[in-house]
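Okay, thanks for making time, everyone. Let me put it on the screen.

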Amino acid sequence: MTEKMSEEDTLFEEAFDLIIRLQEEPENPVVHNLIARWRARHAMHETVWKQAMEIHGMAGMAIQSRHPIQVSKSAISRRTFVMGGTAFASLAAVAVVAPQVMRQLKADYLTTTAEMRHIALEDGTRIVLGPKSAIRSAMTTSERRVDLLQGMAFFDVAQENDIRPFLATADDLQVAGFGTAFDLSHDDNTRRIAVNHGFVQVNVAGSSDTETLSAGHWLALDESQHIARGLVDASQIATWRNGMLVAERERVATVVSHIARWQSGRVVIASAELGAQEISGVYDLNKPLEAMKAVVHPLGGRVRTLSPWLTILSTV
């Protein structure tokens with residue numbers, strides 16, 4: 001991503017934040033004053049404001065062109081969104097404000113669109129951090145811990161003695177292991193672990209139940225705490241590092257969330273039914289738009305790019 005694009009992305013984040021505030025408090029003179037001052041800062045601010053308002057309007061029309069579907073906030077993921085009806089304002093509030101602010105405050109390492117970062121921890125553990133992802137690490141004399149705040153990461157864990165275990169988390173999913181390698185992701189409110197080699201112990205925070213996964217085994221935990229399990233060839237795990245995504249019994253919304261990390265701007269799924277369908281397949285991440293089309297076209301969906309900052313997937 002270019003420096004100019006990054007600057008424009010930041011301005012769009014701010015513009016959508018102001019649009020949300022205006023929707024929530026349309027009669028508040030303070031909000032109107034904030035918007036006027038923001039637009040007056042620079043000609044680029046005014047240009048971005050007009051484009052953001054246009055995108056907002058187009059998204060609303062695209063969403064309302066189908067029968068409304070009520071979607072709770074708990075069903076809205078951080079980067080790829082399943083929504084319907086007039087839920088756009090609530091969606092944008094979660095999508096724009098929370099993830100950007102929270103990950104910047106908490107993260108030790110961040111990546112942008114289509115960027116992968118190789119990280120070496122002081123214990124010898126190596127991490128490949130996927131695009132639009134964030135982690136926080138803590139190395140103490142008694143514990144090695146990495147929290148995946150957003151996105152995806154591949155961990156090649158250094159072997160140490162039992163005195164200092166390695167722990168990786170994705171929200172409430174906790175993964176512990178020694179001398180192992182595994183893929184961990186957190187997208188569309190789904191946490192997923194897949195073991196490349198060795199074995200790990202997995203449990204959900206607050207639960208005393210622990211499950212052991214060995215090479216090729218995967219486990220996924222969705223927002224309703226439903227657990228899915230499966231077995232794949234270990235060579236298919238974390239293929240995103242080489243530009244390919246292998247999906248195995250994953251929801252459309254989750255797969256699109258992964259692909260969207262290689263696509264600039266926002267990706268919106270305007271159909272709850274489409275996002276909830278389960279698929280398997282192999283997708284080229286170097287061509288994210290084509291990959292998203294390959295995901296939804298067999299299901300009667302279509303992909304529309306309304307601007308460089310907004311792509312909508314729908315059934316109309």
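**Starting from R241**

So, first stop: R241, which you'll find in the loop between β14 (227–231) and β15. Keep in mind as we go that this is a predicted model. Is R241 buried, partly exposed or exposed? It comes out as partly exposed, because its relative accessible area is 29%, and buried would need a value under 20%.

Which residues does R241 touch, leaving aside those up to four places away in sequence? The answer is M116, V128 and F154. Take F154: it sits 87 residues from R241 along the chain, yet their C-alpha atoms are separated by 8.5 Å.

Okay, zooming out for a second. The protein has 316 residues, and 50% of them count as buried. In terms of secondary structure, we have seven helices and 19 strands. And if you look at contacts between residues at least 6 apart in sequence, 53% of those join residues at least 24 apart.

In general, nonpolar side chains in soluble globular proteins tend to be buried together. Here, the largest nonpolar core has 32 residues, and the ones with the most contacts inside it are W240, V255, V256, I259, Y283, V295 and L313. The elements that put in two or more residues are β6, β13 (217–221), β15 (244–251), α5 (252–259), β16 (266–269), β17 (278–284) and α7 (288–296). Which of them gives the most? That's α5, with five residues.

Not counting residues up to four places away in sequence, V255 touches L245, A247, E250, I279, Y283 and V295.

On the α5 side, the contact is made by V252, V255, V256 and I259; on the α7 side, by P288, A291, M292, V295 and V296.

**Over to β7**

How many of its five residues are buried? Five of five, so to speak, and the strand is mostly covered. Side chains in a regular strand alternate between the two faces of the sheet. In β7, F166, A168 and A170 point one way while L167 and T169 point the other, and all are buried.

What about the neighbours? On one hand there's β6, residues 144–156, which pairs with β7 in the parallel sense over four bridges. If you want a specific pair to look at, D147 has T169 in β7 as its bridge partner. On the other hand there's β8, residues 173–177, and that pairing with β7 is antiparallel, over five bridges. There, A170 stands opposite L173 of β8. β7 and β8 form a hairpin with two residues between them, and D171 in the turn has a positive phi of about 60°.

Before we leave this area, have a look at R164, in the loop between β6 and β7. R164 counts as buried because its relative accessible area is 12%. What does its side chain make a polar contact with? The side chain of E122, at 3.1 Å. R164 also has other residues around it: setting aside those up to four places away in sequence, it touches D123, M139, T140 and F178, among others.

**Two more phi values**

Most residues other than glycine have a negative phi. A114 has a positive one, near 60°, and D188 does too, near 55°. A114 is in the loop between β2 (109–110) and β3 (117–120), and D188 is in the loop between β9 (181–187) and β10 (190–197). Are they buried or exposed? A114 counts as partly exposed because its relative accessibility is 41%, whereas D188, at 5%, counts as buried.

That's my tour, so over to you.

Terms used. Residues are numbered from 1 along each chain as its sequence is written. This is a predicted model: local features need pLDDT of at least 70, side-chain atom pairs count only at pLDDT 80 or more; totals for chains, interfaces and linings use all residues. Side-chain values use heavy atoms; hydrogens and water are left out. Buried means under 20% relative accessible area, exposed over 50%, partly exposed in between (1.4 Å probe, protein chains only). Two strands pair if DSSP finds at least two bridges between them. A polar contact is a pair of N or O atoms within 3.5 Å; within protein, one must be able to donate a hydrogen and the other to accept it, and residues adjacent in sequence count only if both atoms are side-chain atoms. Contact means heavy atoms within 4.5 Å. A nonpolar core is a set of buried Ala, Val, Leu, Ile, Met, Phe, Trp, Tyr and Cys residues joined through side-chain atoms within 4.5 Å.
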